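Biologist: I'm new to this one. Can you put it up and walk me through it?
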Amino acid sequence: MKTSDAWSKLQEFRDYVGENCKKCKFVKYCEGGCPYNAIVAHKTPQAVDPQCDAYKIIFGEVSKRMNKEFARSAFGLGAPAERKEGEQFSIMDLAMKP
Ligand code: SF4
C-alpha cells in the first residue's frame with residue numbers, strides 16, 4: 001500500500017499541509033481539512049481543503065465560545081448556570097461530555 005499512487009498523494013498532501021498550514025492556529029484540529037476534497041478540487045495534492053476559510057471561521061467561533069465559557073466557570077466569572085429543559089448545550093457541555 002505504501003507504494004500506491006494514493007499513498008504517495010496522501011503523503012504529498014501531508015507534506016504540503018505541514019508547510020502551508022504550520023502558522024495556522026487551528027492546524028492541530030484541521031490538519032489541512034479533507035485530503036480527498038483538497039486533491040479533487042485542486043487536481044493536485046499540493047493544496048488544502050477548499051473549505052479552509054470556513055474552517056477558520058468555525059474553529060474561531062468554537063474557540064471563542066469555549067474560552068468564554070471556560071473562563072466563566074474556571075475563574076468564577078459566573079458559575080455555569082443550570083441548563084434549563086430544552087435549552088441548547090454549551091460548547092463546554094459538549095467538550096466535557098464523557
Ligand atoms: S484552517 Fe486552513 S490554514 Fe488552517 S489548518 Fe485548516 S486548511 Fe490549513
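Biologist: Which classes of residue make up the shell around the ligand?
Modeller: The shell has eight nonpolar residues, two polar ones and two charged ones. Keep in mind that this is a predicted model.

Biologist: Which residues surround the ligand?
Modeller: Reading up the numbering, they are Cys21, Cys24, Phe26, Val27, Cys30, Gly32, Gly33, Val48, Asp49, Cys52, Tyr55 and Lys56.

Biologist: Which one gives the most?
Modeller: H4 does, with three residues.

Biologist: OK, new topic. How many helices and strands does the chain have?
Modeller: Five helices and zero strands. Along the sequence the pattern reads α-α-α-α-α. The radius of gyration is 19 Å, well over the 13 Å that the globule rule gives for 98 residues, so the chain is more spread out than a compact globule.

Biologist: What box do the C-alpha atoms fill?
Modeller: Roughly 55 × 25 × 20 Å, taken along the principal axes.

Biologist: And what share of the residues is buried?
Modeller: Of the 98 residues, 9% count as buried. The largest nonpolar core has five residues, namely Phe13, Val17, Ala38, Ala47 and Val48. Val48 is also part of the shell around the ligand.

Biologist: What share of the contacts with a separation of 6 or more comes from residues 24 or more positions apart?
Modeller: That share is 42% for the protein chain.

Biologist: Now the backbone. What is phi of glutamate 31?
Modeller: Near 50°, which is a positive value in a residue other than glycine. Glutamate 31 sits in the loop between H2 and H3. It is partly exposed, with 17 other C-beta atoms within 10 Å.

Biologist: What about phi of lysine 43?
Modeller: Lysine 43 has a positive phi too, near 60°, and is likewise a residue other than glycine. Its place is the loop between H3 and H4.

Biologist: Is lysine 43 buried or exposed?
Modeller: Exposed, because lysine 43 has 9 C-beta neighbours inside 10 Å.

Biologist: Switching to the start of the chain. Where is lysine 2?
Modeller: Lysine 2 is in the segment before helix H1 (5–20). It counts as exposed, with 6 C-beta neighbours inside 10 Å. Between the C-alpha atoms of lysine 2 and arginine 14 there are 14 Å, and the two are 12 residues apart along the chain.

Biologist: And where is glutamine 88?
Modeller: In the loop between H4 and H5. Glutamine 88 counts as exposed as well, with 7 C-beta neighbours inside 10 Å.

Biologist: Last thing, confidence. What pLDDT does the chain average?
Modeller: It averages 87, and 92% of the residues score at least 70.

Biologist: Where is confidence lowest, and where is it highest?
Modeller: Helix H5 (residues 91–95) is lowest, at a mean of 72. Helix H3 (residues 35–42) is highest, at 97.

Note on methods: Residues are numbered from 1 along each chain as its sequence is written. This is a predicted model: local features need pLDDT of at least 70, side-chain atom pairs count only at pLDDT 80 or more; totals for chains, interfaces and linings use all residues. A residue is near a molecule or strand if its C-beta atom, placed from the backbone, lies within 6 Å of it. Helices (H or I, at least four residues) and strands (E, at least two) are DSSP runs, numbered from the N terminus. Ala, Val, Leu, Ile, Met, Phe, Trp, Tyr, Cys and Pro count as nonpolar, Asp, Glu, Lys and Arg as charged, and the others, Gly among them, as polar. A nonpolar core is a set of buried Ala, Val, Leu, Ile, Met, Phe, Trp, Tyr and Cys residues joined through C-beta atoms within 7 Å. A residue is buried if 20 or more other C-beta atoms lie within 10 Å of its own, exposed if 12 or fewer, and partly exposed in between; C-beta atoms are placed from the backbone. pLDDT is the predictor's confidence in each residue, from 0 to 100. The radius of gyration is taken over C-alpha atoms; the globule rule is 2.2 Å times the number of residues to the power 0.38. Two residues are in contact if their C-beta atoms, placed from the backbone, lie within 7 Å.
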